[in-house]
Amino acid sequence: MATDITMPQLGESVTEGTITKWLKQPGDSVSKYEPLCEVATDKVNAEVPATVAGTLTEIVTGEGQTVEVGEIICRVAEAGEGADHEKAPPASFAEEEPPAAGKERAKSDADAGDSSMKRRYSPAVLRLAQEHAIDLEQVEGTGKGGRITRKDIQKLIDSGEFPQTGARSEAAQKAEKKEEPQPAKTGQPAPAQQQQPDVQTEPGDKEVPLSSVRKTIAQRMVTSKHEAPHAWTMVQADVTGLVKLRGKRKEDFKKREGISLTYMPFFIKAVVDSLKEFPYLNSVWGGDRIILKKRINISIAVATEDALYVPVIKNADEKSILGLAKAVHRLAEKTRAGKLTMEDLSGGTFTVNNTGSFGSVASQPIINHPQAAIISMESIVKQPVIHDDMIAVRDLVNLCLSLDHRILDGLMAGRFLKRVKERLEAYGPDTPI
Amino acid sequence: MPVISYIEAVTQALREEMQRDERVFVLGEDVGVRGGVFRATAGLIEEFGPERVLDTPLTESAIAGVSIGASVYGMRPVAEMQFADFIMPAVNQIVSEAAKMRYRSNNSWHCPLVIRAPYGGGVHGALYHSQSVEKIFTGVPGLKIVTPSTPHDVKGLLISAIRDEDPVLFFEHKRCYRLIKGEVPEEEYTVPIGKAEVKREGTDVTVISYGLTLHFALKAAEELEKEGISVHVLDLRTLIPLDKEAVLEAVAKTGKVLIIHEDNLTGGFGGEVSAIISEQAFFELDAPVRRLAGPDVPAMPYSPPLEKEFMLNPEKVTNAIRELAEF
């Protein structure tokens, strides 16, 4: 086995040396540390010793030739066995190595489908995109993880053909922030606070700065209205039996439980039981899919003087009328006391809105984004109607449903409402609760 | 144009300036009879005599102190620190006296002196013969710090340094001394202090460097061209005063910046360059500014494999540039 002998480092700053004389010739046997040749550098003259014992087999660098430190000058065939522990260390440590050729590029095939960096925009890319109104969503990136590089943008600009911004609405971008805890929603549409409308103030007008809750309400209303295509439908239910039941039980109930018996728990119960039959009503729009929620968490709208909150009754399907009544009472109390926590406000899957409490008979609620639908229970009003082919005075209530038409069509919404109506109408004066 | 080595450029500049100006003299350990341990002052004592080529005691504080005194008196001393590693005993003189002379005397006095010092590793010199010390001085206002990488720049900048009216630290990478050769004009010329130079034009990644690592960058750029990666290489040449305009211009070329130096990463001059880039060229950036530098270990190891690990080389530089190009 031949060992390469290289030009040694013969002093600091020395990078090359000239072989002045070979002291051994091919075929000569050499012992370890025996001088092989003489070398001259611009600083010193020295001998190059053999790093192994053996036979000089080949002279690579002839006399008078100048080679860089680390280059092979000759080869020595090692004597005997046990060659491995005698393996020559490189005589030089300082030469630069050529960059490894053919190193595989990181951009392998496996990398091609990766788009994890697609929306990581560098300052340069953002600046160029804004200066030229380029819609980055529609640009293909060639960088790592699909990142759009400055060069990608520059190429588009140079070509003069690029996707313009403006196609996507502001609300659509906002909508990407999903499932945030919601301090407020439902009821009447609130003004968008994003744009500054051209409003003149006149003497005597009073300007009210927006509270953070009001700002959030405004933003969420705009988000929902812009993103979800609202459809609206209403049915009327005859709740004469329910009214009688409540009239009969409310004093007892108050005495026993310490809280008033309202219609709200009955409404919620009818809704929850119907949601189980129609899981699409209890779902969330996921962009490229619809997510049917397993848990049924009912958001209820609770108004205060200056804001509207939608605390959540978790696992409402596991609660009885009494349990729901207590949950509604507890959340309403907490809301009025300003003690709602994030936990109270998050996780809702469907909203029940009690607009009837302030006398409304019909409303078009805004969906509690990103839920699929919202129902509002209007005032129960005594009306003359045809009942059993006779004119009778009955207690009627309107159930208004707003639905996200991306998720639901009118048919399923109608069937759902029908079931809610049937459940409410099934109550009689003696129904056990 | 004749091709000469990096160290020959030093000698030429010294000789020509000593011929031109009688006030110029050199001093240092073994610079006279021995001609310098690296032979940078070879032949000078024969030509100019022992009064202008002073062999000093092994006392760097005295070498610096004598130079300061002489320069204030009107001479043009060019002091040699045998190794940049040995500059430490002279730091007080350099930082507290030379750097502040003009300021504290309200322009009445100044120090037109040059301190030359071979720095850097890769020569199997271990702890006391391999250090990069530029970062110790880059934060000291009042000093000019020059770090050339080619014979042309060495000669032109050393002449400028000798003619400069204020103290200049002239750091020569000792590995470049005999490794780097290049064309140098026969006629007299200077290279201005404080001007960087684009050593290679490119469009994908900007490399900012100086000294030995600049050559690694050029070598890497050559290699990467075969892969279709176009590298822009800026040679700072002078660290202080820094040519900020050239830096910002080079950043704007590609938006991806790799700063390379052999000095340790932490506190190395690359941090300052990086800060300037993020402050003044943020909207040009297409990738985080990257630094490739010597590791934060106390000294250059003597063990050959460890020295190799410490030192940068074209392969490490190539990989770093490629990574940025692909970002």
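**Ground rules.** I count residues from 1 along each chain as its sequence is written, with chains lettered from A and ligands numbered from 1 in the order in which they are written. Since this is a predicted model, local features need pLDDT of at least 70 and side-chain atom pairs count only at pLDDT 80 or more, while totals for chains, interfaces and linings use all residues.

**Confidence.** I checked pLDDT first (the predictor's confidence in each residue, from 0 to 100). Chain A averages 83, with 84% of its residues scoring at least 70. I found pLDDT below 50 over residues 81–110 of chain A, and again over residues 168–193 of chain A. Chain B averages 97, and 100% of its residues score at least 70. For the model I wrote down ipTM 0.81 and pTM 0.58.

I looked up contacts (C-beta atoms, placed from the backbone, within 7 Å). There are 26 residues of chain A touching 31 residues of chain B. Which helix of chain A gives the most to its side? That's helix 2 (residues 123–131), with four residues. I'm using helices as DSSP runs (H or I, at least four residues; strands are E, at least two), numbered from the N terminus. Chain A's side splits into 10 nonpolar, six polar and 10 charged residues. Here Ala, Val, Leu, Ile, Met, Phe, Trp, Tyr, Cys and Pro count as nonpolar, Asp, Glu, Lys and Arg as charged, and the others, Gly among them, as polar.

**A UniProt entry.** An unreviewed UniProt entry lists residues 120–157 of chain A as "domain: Peripheral subunit-binding (PSBD)"; such annotations may be inferred rather than shown by experiment. I get 45% helix and 0% strand over residues 120–157 of chain A, with the end C-alpha atoms 20 Å apart.

**A helix pair in chain B.** The axes of helix 1 (residues 6–20) and helix 7 (residues 151–163) of chain B come within 8 Å and cross at roughly 30°. I took axes as lines fitted to C-alpha atoms, for helices over the stretch in contact, with angles from 0 to 180 degrees between N-to-C directions. So helix 1 of chain B is roughly parallel to helix 7 of chain B (under 35 degrees; over 145 is roughly antiparallel, 65 to 115 roughly perpendicular, the rest oblique). Among the residues in this contact I spotted B:Tyr6 and B:Ala13 of helix 1 and B:Leu158 of helix 7. By class, the contact has nine nonpolar, one polar and three charged residues.

Notes. Contact = placed C-beta atoms within 7 Å.
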